[in-house]
Amino acid sequence: MNRRLLLFLSVALLTATCTACSRDVEGDAAGECIDGVDNDQDGTTDCADDTCAAATACAGDDDTGDDDDTGDDDDDTGDDDDTGDDDDTGDDDDTGDDDDASPPTKSPKRGLAYDLLDSSDFSAISSGVGWWYNWYFQSSASQGLGATNDMQFVPMLWGHNGESDYGALTSWLLDHPDTDAVLVMNEPNLVEQANISPTSAVSHWLRYEQFQADMLNDHGRSIRLVGPAMTWGTMSGFADPVVWMDAFYAAFNASEGRAPTIDALAFHWYDYGLDGQLDRLVKFGKPFWVTEMANWHVESGWVIDTPEKQIETMTDMVSICEARADVERYAWFIGRWEPDPHYTSIFGPNPGDLTEVGESYLKQPW
């Protein structure tokens, strides 16, 4: 090849190369990846062009042709946010859990009024009961039995409690950080129970409030006061729970210039007509814990004297408590009792054995 021909070919090659180098490239100027023009004339436009793939405007585009302004990744989820959540749960938080916490397997309201101690009894009712209490501020059940059976113990200041009781309850609550409520003042209008007049109840309640404040200020614990536990009683002039409550509110306001701090009102009932009884107490504007319930009716024609009759009234009571939004919790009375003329016992004579009533209680809908 002569020298002139070689020189000609070299110049031609250089010219062709430089022509390719000078050709426009899609995206080499601001806005070219979103202007709708095939700037480099290679047959592809904007984000569909390989040279725009890394452009910010094209980030997340999966080349399906959806280049609207929604930021839609063109997947099947319709998820246009920045959380990475493409499921159907609507969970866009940062936990990564996608709301997969297990739903409750039993009613969070349903409990038992009984001093539970035996592990077999715990196991027998764990499928349907979520909490219990024993009219005391501590439980003697072996440590861990409650947690193992997904059941919570709720302590009680029964009434006329000494300062040592408050100290012991404080220690117990500090050892049980998941407990956030204390039952207080059991049946003050029953002379056989707490037997506290509305006027005398003021000083008791102020001590409860002080305990509540101490738990918050000294230990950062918010403890709810649930009580007084009202029923139809035997106190002269105050047998009606509404009458006792009205007098208590009046006495407290006269003493302190305000209403007492009551986070939930407790109620006990052993007859037909639970719904109507709760309706009478709605006037106090508090949610309810029905902490004792069963039917001990003895009037001829309505007496509860068979398990079947007790189950029928239990079904009604549970239905009322589950349906009412103002009932936070309820507890059947009792675990085991002998003699038991009205068939209210949940357990049979042997640990872990359930009565017909007990089996029905666990299976009640919620």
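**Close-up views of a predicted protein model**

**Figure 1. The loop residue Y272 and its surroundings.** The side chain of Y272 comes within 2.9 Å of the backbone oxygen of W302. This view, like those that follow, is drawn from a predicted model. Y272 belongs to the loop that runs between β7 and α7 (274–281). With a relative accessibility of 32%, Y272 counts as partly exposed. When neighbours within four places in sequence are set aside, the residues in contact with Y272 are N295, H297, W302, I304 and T313. One of these, H297, is 25 residues from Y272 in sequence, while the C-alpha atoms of the two residues are 7.7 Å apart in space.

**Figure 2. The whole protein, shown for orientation.** The protein contains nine helices and nine strands. Of its 366 residues, 42% are buried. The protein exposes about 19000 Å², and 52% of this area is supplied by carbon and sulfur atoms. Among contacts between residues at least 6 apart in sequence, 58% join residues that are at least 24 apart.

**Figure 3. The open sheet of nine strands.** The strands follow the order β3-β2-β1-β9-β8-β7-β6-β5-β4, and their pairing is parallel. Which strands form the edges of the sheet? They are β3 (152–153) and β4 (156–157), each of which pairs on one side only. Strand β5 (residues 181–184) pairs with β6 in the parallel sense over three bridges, and L183 stands opposite V226 in β6. Strand β6 (residues 224–230) also pairs with β7, again in the parallel sense and over three bridges. Here A229 has A266 of β7 as its bridge partner.

**Figure 4. The two faces of strand β7.** In a regular strand, the side chains alternate between the two faces of the sheet. In β7, A264, A266 and H268 point one way, whereas L265, F267 and W269 point the other way. Is this strand mostly covered or mostly uncovered? Strand β7 is mostly covered, with six of its six residues buried.

**Figure 5. H268 within strand β7.** H268 lies in β7, which spans residues 264–269. H268 has a relative accessible area of 0% and is therefore buried. Its side chain is joined to the side chain of T291 by a polar contact of 2.8 Å. Apart from neighbours within four places in sequence, H268 is in contact with Y133, N186, E187, A229, M230, T231, T291 and E292.

**Figure 6. Aromatic pairs.** The structure holds 24 aromatic pairs. In the pair formed by F248 and Y249, the ring centres are 6.3 Å apart and the planes meet at 80°, so the arrangement is edge-to-face. F248 is buried, with a relative accessible area of 0%, and Y249 also counts as buried, at 18% relative accessibility. W296 and F333 form an edge-to-face pair as well, with 5.7 Å from centre to centre and 70° between the planes. This pair links distant parts of the chain, its two residues being 37 residues apart. W296 is found in the loop between β8 (288–293) and α8 (307–323), and F333 in the loop between β9 (327–332) and α9 (356–363). W296 counts as partly exposed because its relative accessibility is 28%, whereas F333 is buried at 9%. Both residues belong to a cluster linked by ring pairs, together with W131, Y133, W135, Y270, W289 and W337.

**Figure 7. Arginine residues over tyrosine rings.** R207 lies over the face of Y166, at 4.0 Å from the ring centre. In another such arrangement, the charged end of R110 sits over the ring of Y361, 5.6 Å from the centre of that ring.

**Figure 8. The loop residue A141.** A141 lies in the loop between β2 (131–133) and α3 (145–148). Why does A141 count as buried? Its relative accessible area is 15%, and residues count as buried because they fall under 20%. Residues up to four places away in sequence not being counted, A141 touches L116, L117 and F122. A141 and F122 are 19 residues apart in sequence, and the distance between their C-alpha atoms is 9.8 Å.

Terms used: Residues numbered from 1 in each chain as written. Heavy atoms only, no water. Helix = DSSP H or I, 4+ residues; strand = E, 2+ residues; numbered from the N terminus. Buried < 20%, exposed > 50% of the residue type's maximum accessible area, 1.4 Å probe, protein only. Contact = heavy atoms within 4.5 Å. Areas by Shrake-Rupley, 256 points an atom, 1.4 Å probe, with all protein chains shown as cover. Polar contact = N/O pair within 3.5 Å; in protein donor to acceptor, adjacent residues only side chain to side chain. Phe/Tyr/Trp six-rings, centres within 6.5 Å; stacked < 30°, edge-to-face > 60°. Lys NZ or Arg CZ within 6 Å of the ring centre and 35° of its normal. Pairing = 2+ DSSP bridges.
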